[in-house]
Amino acid sequence: MKRTIFNSQLLPWLLLAPQLAITFIFFLWPAAQAIRQSFLRQDAFGIRTTFVGFENFQRLLNSPEYLNSLQVTAVFAVSVTLLSMGFALILAVAVDRMIRSSRIYTTALVWPYAVAPAVAGILWWFIFNPTVGIMPYVLGQLGYNWNHISNPGDAMTLVVIASAWKQISYNFLFFLAGLQAIPNSLREAAAIDGAGPVRRFFDITFPLLSPTTFFLLVVNIVYAMFDTFAVIDTTTRGGPAQATNILVYKVYFDGFVGQNMGSSAAQSVFLMLIVTVLTVIQFRFIEKKVAY
Amino acid sequence: MIENRPGLHLAAHLLLIFGVCVVALPVWVAFVASTHGPTAFMSGTIPMWPGPHLVENYSRMLDSGLSTSGTPAVGHMMMNSLIMAMCIAVGKIVISVTSAFAIVYFRFPFRGLAFWCIFVTLMLPVEVRIVPTFQVVADLGMLNSYAGLTIPLIASATATFLFRQVFLTIPDELTEAARIDGAGPMKFFRDILLPLSRTNIAALFVILFIYGWNQYLWPLLITTSADYYTIVAGIRRMADAVDGLPQWHLVMATAMLAMIPPVLVVIFMQRLFVKGLVETEK
């Protein structure tokens with residue numbers, strides 16, 4: 001709270017006007033429309049709309065496709081988070097040991113943040129392309145016949161790798177900052193007590209890193225659920241047989257390709273609830289981090 | 001370092017070199033692919049070292065593009081991406097810095113409500129409400145325009161919170177001194193607040209530029225006219241055509257061109273980039 005303030009009633013509204021106008025027109029109004037449409041149903045020709053109450057939501061929760069999408073999203077989000085955070089943590093611990101070379105390694109590891117998810121999708125799609133990619137060739141030598149176009153497991157692996165790759169640099173930077181904030185004296189004391197590097201990591205470093213880890217867990221789950229649309233769209237497009245059809249992709253597909261407005265709107269409402277919960281968790285945690 | 005263990009140190013170096021290689025692998029493969037001619041992909045697997053067609057492939061894409069896919073020259077799409085990224089970054093910063101100023105330095109009715117309206121945008125990412133947002137933009141006649149590409153994306157709760165935090169740390173004495181000297185709110189804003197938040201603005205700009213350049217779903221839906229294609233959204237249209245006629249070398253050249261500007265920004269402004277990344281998550 002500021003003690004010194006300016007006295008004007010009109011000026012603050014003028015200053016806020018652009019932000020509030022955009023928020024109302026492009027955020028709140030569409031969100032309200034989504035909520036309204038989620039209670040409506042259009043006939044096959046889009047002429048008549050009737051109020052159907054919670055029917056859209058009921059249909060959604062009873063539809064095997066939507067339940068499958070929920071499951072796919074959960075598997076995808078957990079895999080991306082674990083793979084990306086695990087890889088990033090190992091690299092961050094290694095860079096934390098370095099003195100002179102840490103800057104070079106950091107630069108060499110952070111740039112993928114700047115690669116668009118769509119481009120990341122294209123790159124990995126090329127590497128794993130069954131006809132010209134190098135990975136199917138290597139896997140073929142090892143006796144595995146890779147084909148993400150027909151094999152659901154391969155398709156999921158591909159989107160997980162592409163999405164996790166892009167997120168490594170973000171996790172790496174936050175883990176490194178977390179590691180560097182741990183006082184060296186704690187690790188030195190443990191070393192004097194005879195704890196080896198592995199023991200020190202699990203008994204001292206990792207517990208002290210837990211605020212960073214928890215924060216990154218939430219951020220990565222949000223990323224995997226909402227920012228990976230482009231990865232899916234440039235690699236598998238939800239296929240094969242819905243194996244990679246995550247929730248945000250399904251909202252888009254049902255709304256724009258399937259033209260099923262009621263169902264798409266109900267899905268939007270569900271997604272808003274999920275983001276709200278995740279945002280609340282994130283903010284509660286950040287309040288705690290200050291006290292930590 | 002706590003104790004001297006050369007073996008462990010060497011292992012850490014090897015691990016890091018391995019990690020850097022894994023991270024760089026997809027880009028290396030794309031780069032190699034982009035330097036070969038179309039026949040290199042017919043032999044079965046792609047080569048691992050650069051070929052002789054680098055200049056030819058890149059200049060062809062920049063000047064004329066891939067006509068079979070209906071996309072314009074890559075140079076044109078990069079220009080669109082640049083316009084979009086700049087408008088989004090500048091727009092977000094301008095409206096956020098003024099909003100934060102209003103919220104921190106004024107007391108007015110419904111101030112809390114205004115703050116909450118901005119906060120709520122955090123919970124409404126565009127992917128989630130894509131269908132109704134598209135309808136609004138279509139109703140406003142903003143399809144196929146730079147306004148449609150940028151304006152719906154420039155509301156920003158994170159940037160507003162960031163500037164709010166920055167302003168809250170600026171000592172009250174400065175404001176008092178400015179008021180005693182007879183400065184009005186706008187003069188204080190221009191001559192004291194903006195210069196004091198200069199590095200925050202620069203750090204945020206780096207993050208927002210990358211954000212704007214990398215937009216995919218929104219430009220894909222909003223633009224149906226090739227004049228407004230951005231490179232990141234255009235690349236899929238190009239890859240689609242590939243299924244008919246394998247032009248991998250040209251698609252990968254485009255992928256390289258799509259990532260070069262934001263990657264250079266991160267590498268050369270690493271300090272600002274890290275600052276921006278850490279601050280926007282607070």
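## Close-up views of a predicted two-chain model

**Figure 1. Helix α1(A) passes α4(B) in a left-handed crossing.** In this predicted model, the contact is formed by A:Leu16, A:Gln19, A:Leu20 and A:Thr23 on α1(A), together with B:Ala114, B:Cys117 and B:Ile118 on α4(B). Of the residues in this contact, 5 are nonpolar and 2 are polar, with no charged residue. The two axes come within 10 Å and cross at roughly 50 degrees. Angles of 65 to 115 degrees count as roughly perpendicular and those under 35 degrees as roughly parallel; α1(A) and α4(B) are therefore oblique to each other.

**Figure 2. Helix α5 of chain A crosses helix α1 of chain B at roughly 75 degrees.** The helices shown span residues 117–127 of chain A and residues 6–33 of chain B, and their axes come within 9 Å. From α5(A), the residues A:Leu123, A:Trp124, A:Phe126 and A:Ile127 meet B:Pro26, B:Val27, B:Val29, B:Ala30 and B:Ala33 of α1(B). The contact comprises 9 nonpolar residues, with no polar and no charged ones.

**Figure 3. The interface brings 78 residues of chain A into contact with 78 residues of chain B.** On the chain A side, the most residues come from helix α1 (residues 10–37), which gives 17. The side of chain A that touches chain B contains 59 nonpolar, 13 polar and 6 charged residues.

**Figure 4. A:Val248 lies in the largest nonpolar core, which has 166 residues.** The residues with the most contacts inside this core are A:Val119, A:Val248 and B:Ala255. Apart from neighbours within four places in sequence, A:Val248 is in contact with A:Met225, A:Phe226, A:Phe229 and A:Leu271 of chain A, and with B:Glu127 and B:Val128 of chain B.

**Figure 5. A:Ala241 has a positive phi in the model, near 50 degrees.** Most residues other than glycine have a negative phi. A:Ala241 is located in the loop between α11 (229–235) and α12 (247–257) of chain A. A residue is exposed if 12 or fewer other C-beta atoms lie within 10 Å of its own; A:Ala241 has 11 such neighbours and therefore counts as exposed.

**Figure 6. B:Phe110 has a positive phi in the model, near 65 degrees.** B:Phe110 is found in chain B, in the loop that joins α3 (74–105) and α4 (111–120). This residue counts as exposed because it has 10 C-beta neighbours inside 10 Å.

Definitions and conventions. Residues numbered from 1 in each chain as written. Chains lettered and ligands numbered in written order. Predicted model: local features only at pLDDT ≥ 70, side-chain atom pairs only at ≥ 80, totals over all residues. Contact = placed C-beta atoms within 7 Å. Helix = DSSP H or I, 4+ residues; strand = E, 2+ residues; numbered from the N terminus. Nonpolar A, V, L, I, M, F, W, Y, C, P; charged D, E, K, R; others polar. Buried ≥ 20, exposed ≤ 12 C-beta atoms within 10 Å, placed from the backbone. Core = buried A, V, L, I, M, F, W, Y, C linked by C-beta atoms within 7 Å. Axes fitted to C-alpha atoms, helices over the stretch in contact; angles between N-to-C directions. Parallel < 35°, antiparallel > 145°, perpendicular 65-115°, else oblique. Left-handed = near helix turned anticlockwise from the far one by under 90°.
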